[in-house]
Amino acid sequence: MLSLPQRLLELGIRDRSPLWRWGVAGLLFLAALLVRLVSDPYLPPGFPFLTFFPAVIVTAFLCGTVPGLTVGAASAVAAWYFFFDPARSFVFNVPVALALGFFTSVFCLEVLLIHVMNRSLRQLRAESARQSREAELSQQLARTREVMFEELQHRVSNNLQVLAALMMLQRSEVRDPAARRVLDTAAQRLELIGRIQRSLHRPGEAGLPFDRFLRSLCQDVLQASGARAVTTEIEAEPVALAPELTVPVALITAELVANAVEHAFRDRQGRLLIRLRRGADGVLALSVQDDGAGLAPGFVAAESGSLGLRIVHALAGQIGGRFEMLPAPGGGTLCRLVFAAD
């Protein structure tokens, strides 16, 4: 809401019709002349232009430069005719010339200053309107971008889930148990990527809160694996990952959880401890620790023929991270991924 001084300044830059401007200018001139005529008996000699100065200023402010100059010129003529001795005559001498010259220079200066002020105000208003239009356009573009981004995420997720469903249908025609397991695993991975795609952050946000996403991710993997006897404990610091990191890190986590269910517990009860910590240098460390059977003697993760571990190593290299599998203190296996979040 505009303040009172701002509202008064706005009066001088409003666009008005010529009839309004010249009509108001004429009324102001007549009012100034009438007041001067009425007050003439009560004024001391030497104030012929007293009421005309305000009329010129108000006219220039409200009606524009040309009406202001016109009222100033008409005021000079009226004062010369009515208020210089002898009255009602156009006598011309040195004192009259000096008085008229002084009045003319003053009202021209006033009109010029008002003209400059009004022009500056118009420029400021035009610049403000342009900035408002640009801001509104930016907001519209941002809303459009957000809607398009959400639609893209939705369509990609749907397409991935359709592919997963098609693979599950194709599985029914496969008789080889090993091939069926491969199709099951591939379909689960596609479905997981689809769920991750739906969870990716919207434009303008810092990223996906991965600490909260970890809980639902682990529950989905355990549920898909049918590991009801496995319990999980998650210790995750608040971390927001960019989309280009979210999918690889989520897939690595899912592979490690699924690998622990398959190899560490082998249909027995077990416990998974998942930690996500940020180091002092900003590097993130994701660890998945189980209390299962542990690593086989001489096991080297980088040389393993497991497809899941090969995927983990490939994704870790994709994000510039380092992956290792170690014997966990007290038994079991510790899988650790270290990567830069920025």
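How many helices and strands does the protein chain have?

**View 1. The whole chain, as a predicted model.** The protein chain has nine helices and seven strands, taken as DSSP runs (H or I of at least four residues for helices, E of at least two for strands) and numbered from the N terminus. Of its 342 residues, 36% count as buried, meaning under 20% relative accessible area with a 1.4 Å probe, protein chains only. Local features here need pLDDT of at least 70, side-chain atom pairs count only at pLDDT 80 or more, and totals for chains, interfaces and linings use all residues. Residues are numbered from 1 along each chain as its sequence is written, and side-chain values use heavy atoms, with hydrogens and water left out.

**View 2. Helix 2 against helix 3.** Here residues 18-39 (helix 2) pack on residues 52-63 (helix 3), at an angle of about 170° and with axes 9 Å apart. The pair is therefore roughly antiparallel (over 145 degrees, on a scale from 0 to 180 between N-to-C directions, with axes fitted to C-alpha atoms over the stretch in contact).

**View 3. Side chains where helix 2 meets helix 3.** Helix 2 brings residues including Trp20, Leu28, Phe29 and Arg36 to the contact, and helix 3 brings Phe52, Val58 and Leu62 among them; contact means heavy atoms within 4.5 Å. The tally is 12 nonpolar, one polar and two charged.

**View 4. The hairpin of strand 6 and strand 7.** Strand 6 (residues 322-327) and strand 7 (residues 333-340) run antiparallel, joined by six bridges. Look for phenylalanine 323 opposite leucine 337 of strand 7. Five residues lie between the strands, and glycine 330 takes a positive phi near 85°.

How values were computed
Parallel < 35°, antiparallel > 145°, perpendicular 65-115°, else oblique. Nonpolar A, V, L, I, M, F, W, Y, C, P; charged D, E, K, R; others polar. Pairing = 2+ DSSP bridges. Buried < 20%, exposed > 50% of the residue type's maximum accessible area, 1.4 Å probe, protein only.
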